[in-house]
Amino acid sequence: MPTVKVRNLKNEEVGEVELSDAVFDAPLNEGLIHAAVRNFMANARQGTSATKTRGDVSGSGRKLWKQKGTGRARIASLRSPLWKGGGNVHGPQPRDWSYNMPKKMRQGALRSALSERVREGKVTLVDGWALDKPKTKDFVDSLRTLGHEGKTLIVDSLENENLILSTRNVRSTKVVNSFALNIYDLLYHERLIISEAAVQELEQLLGPKKETEAADVPASETKAEAAAVVSEEPVKPKRARKAPVKKTAAAAEGEEATEQ
């Protein structure tokens, strides 16, 4: 189980935290990380590039000159792709580049990238990021005190408005919460700063799901309880079938008379 020291904004050690093995000690899976990055970048594409075909450009639709007898090449329309200002052939058209990736694969890529950052020693755990007021200079000074001057990703609560407002003008720093953490930001930024509250949220989001109480009960007990419930239900009596009524000779003659 990996252990990370907790520091304050003055770069002083204030404790230690044992991280979850399932989230912060997962094996490196380069193929899964590569697939997750490709999925993230494909979903971020706008897909709005387009060119005009011969049906989109402006121009007359009449035949410019007669088919034969002029000595020139035959031509049908001014909007032909062979002409300057004509339409484009096989050009890009608007499309949706996004595709779905299974949730378990995305979470597995995040676990692998987080664990690799921990093994590289590029993760700093802070007890909190409390700023008195939204001031960029104070934020930059605290970053330098912690020893982070390059590309830094901070994972903290979005309710910390002073932190968000203080980092807007710092191009090398980005602040996200644990729910918005993605694989691209983890790989793009060289350093990672996580608050203690964000660590607990990440362990709940990416860790193994807790089994329900029903799953802890043995199957034999559940079957016995189900049989007991069935036996307690009252048994409905069967409905007796009515015996067919035999018609007398007088009644049969009366029915024949009415039919006639």
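In which sense do β4 and β5 pair, and over how many bridges? I started there. Strand β4 (residues 152–155) and strand β5 (residues 173–176) pair in the parallel sense, over four bridges. Pairing here requires at least two DSSP bridges between the strands.

**Ground rules.** I am working on a predicted model, where local features need pLDDT of at least 70, side-chain atom pairs count only at pLDDT 80 or more, and totals for chains, interfaces and linings use all residues. I number residues from 1 along each chain as its sequence is written, and side-chain values use heavy atoms, with hydrogens and water left out.

**Overall count.** I looked up the secondary structure and found 10 helices and six strands. Both are DSSP runs numbered from the N terminus: H or I of at least four residues for helices, E of at least two for strands. Buried residues make up 29% of the 260 residues in the chain. Buried means under 20% relative accessible area, with a 1.4 Å probe and protein chains only. I also checked contacts, meaning heavy atoms within 4.5 Å. Among those between residues at least 6 apart in sequence, 66% join residues at least 24 apart.

**Around β4.** I went back to the strand. T152 and I154 point one way, L153 and V155 the other way, and all are buried. In a regular strand the side chains alternate between the two faces of the sheet. The bridge partner of L153 in β5 is K174. To reach β5 from β4, the chain passes through helix α5 (residues 161–166), and this β-α-β crossover is right-handed. That term means that, with the strands pointing away from the viewer, the path from the first strand over the helix to the second runs clockwise.

I then looked up β6 (residues 191–195). β4 pairs with β6 in the parallel sense too, over four bridges. V155 has I194 as its bridge partner in β6.

**S195.** I picked this residue in strand β6. Is S195 buried or exposed? S195 is buried, because its relative accessible area is 4%. I listed what S195 touches, leaving out residues up to four places away in sequence: L125, V126, V155 and D156.

**Helix packing.** I turned to α2 (residues 30–44) and α3 (residues 103–120). They pack at an angle of about 115°, with their axes 9 Å apart. Axes are lines fitted to C-alpha atoms over the stretch in contact, and angles run from 0 to 180 degrees between N-to-C directions. From α2, the contact uses L32, I33, A36 and N39; from α3, it uses M105, R106, G108, A109, S112 and A113.

How values were computed:
Buried < 20%, exposed > 50% of the residue type's maximum accessible area, 1.4 Å probe, protein only.
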